[in-house]
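The paragraphs below walk through one protein model. Keep the sequence and the coordinates at hand while reading.

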Amino acid sequence: MSDGRDADATRQSAVPAPRGAELPLPPASVPAGPPDGDIADGLEETYWSVYDGAASKATVGQILARLPRIVRRIGRLAWAADRTATLAVVVLQLGTAAMTAFGLMASVAVLRELFAEGPTPDRVRASIPQLLVVVGFLAARALLEAGVAVAQARVTPKIRTALECEFLTLTAHVRLEVVDDADWHDEAYRANDRGLFYARQIVGQVVSLAAALLGLVGTAGVLHPALLPLLLLSVLPVGAAAVRAARARFHSFKARASSRCRTRT
């Protein structure tokens, strides 16, 4: 009985006495962040945006210098994954460029008939065969582009699967103590998550780039040599604008991310 009374006395003595003084009121306003600098300056970059800063600062020359290596890498992966689909993409892209060039030549023939001398009804009737030829080339180009899309949709998942198998093979043959390294784990997770994500997108981008380059070559083949500098002058501003727009989108995204962090804090 004495032990029970001692335990009750100990529990009662451990209970704090009622507070006599009143608690101070909370401040009327709380600063949203540090007085100087950005609240996100001390934060670490998220795993998916570590290399985005370098990408946003890359110049056109650096992009063009790395482009052949990237295209070679994607071409090797596509050839190893599905040779038939890869060959179909290449052949159909060349056919699309040829149809574009022939369509331009037929369009020139149509304009020649329309601006020839003679009554207008006769000129329109004379240009009808050339118009039908232009329509035929455009229809053929559309069919070839549809074939490119089908072949691309066939080879893209296989490239992703090949990259994933290569990633698993590389990460499975490391020493056990490396797995416990936080930096290695972050790099491996980033390669698996963002690497495979961008690998899936880059296939379509390489195909679109090849289509644009072949289209330029086809267009240059039917133009007068004196007009080739004008063709280059029309293309270079578009490329520079695309690079600047990509940088602006990246900086806008970073600003929105920083503002969200500041609002939550």
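Thr156 has a relative accessibility of 11% and therefore counts as buried, where buried means under 20% relative accessible area, exposed over 50%, and partly exposed in between, with a 1.4 Å probe and protein chains only. Thr156 sits in helix H5, residues 120-172. Helices here are DSSP runs of H or I with at least four residues, strands are runs of E with at least two, and both are numbered from the N terminus. Leaving aside residues up to four places away in sequence, Thr156 touches Arg200 and Val203, a contact being heavy atoms within 4.5 Å.

This is a predicted model, in which local features need pLDDT of at least 70 and side-chain atom pairs count only at pLDDT 80 or more, while totals for chains, interfaces and linings use all residues. Residues are numbered from 1 along each chain as its sequence is written, and side-chain values use heavy atoms, with hydrogens and water left out.

The overall fold comes next. The protein has eight helices and zero strands, and along the sequence the pattern reads α-α-α-α-α-α-α-α. Of the 265 residues in the protein, 18% are buried. Taking contacts between residues at least 6 apart in sequence, 79% join residues at least 24 apart. The accessible surface is about 19200 Å², and carbon and sulfur atoms account for 65% of that area; accessible areas come from the Shrake-Rupley method with a 1.4 Å probe, and for residues only the protein chains shown count as cover.

Now to the charged side chains. Side chains of opposite charge can pair when their charged atoms come close. The rule used for a salt bridge is a side-chain nitrogen of Lys or Arg within 4 Å of a carboxyl oxygen of Asp or Glu, and the count comes to four salt bridges. In one of them Arg154 pairs with Asp82, with the closest N and O atoms 2.9 Å apart. Arg154 belongs to helix H5 and Asp82 to the loop between helix H3 (60-81) and H4, so this pair ties together parts that are 72 residues apart in sequence. Asp82 has a relative accessible area of 6% and is therefore buried, whereas Arg154, at 44%, counts as partly exposed.

Asp82 also meets Lys158 in a salt bridge, at 2.6 Å from N to O. This second pair again links distant parts of the chain, with Lys158 in helix H5, Asp82 in the loop between H3 and H4, and 76 residues from one to the other. Lys158 is partly exposed because its relative accessibility is 33%.

A further salt bridge joins Glu187 and Arg190, whose closest N and O atoms are 3.0 Å apart. Both residues lie in helix H7 (residues 182-222), three residues apart, or about one turn of the helix. Glu187 is partly exposed at a relative accessible area of 39%, while Arg190 is buried at 11%. Among the salt bridges, those that share partners join Asp82, Arg154 and Lys158 into one network.

Thr86 is found in helix H4. With a relative accessible area of 13%, Thr86 is buried. Apart from residues up to four places away in sequence, Thr86 touches Ala78, Trp79 and Val155.

Helix H4 also packs against H7. Their axes come within 8 Å and cross at roughly 35 degrees; axes are lines fitted to C-alpha atoms, for helices over the stretch in contact, and angles run from 0 to 180 degrees between N-to-C directions. From H4, the contact is made by Val89, Gln93, Leu94, Ala97, Ala101, Leu104 and Met105, and from H7 by Val207, Ala211, Leu214, Gly218, Thr219 and Val222.

What remains is the aromatic side chains. A pair of aromatic rings is described by the distance of the centres and the angle of the planes. Rings of Phe, Tyr and Trp (its six-membered ring) pair if their centres lie within 6.5 Å, and planes under 30 degrees apart count as stacked, over 60 as edge-to-face and the rest as tilted. The count is one aromatic pair. The ring centres of Phe102 and Phe137 are 5.7 Å apart and their planes are at 40 degrees, so the pair is tilted. This pair links distant parts of the chain, Phe102 being in helix H4 (residues 83-114) and Phe137 in helix H5, 35 residues apart. Phe102 is partly exposed at a relative accessible area of 37%, and Phe137 is partly exposed at 22%.
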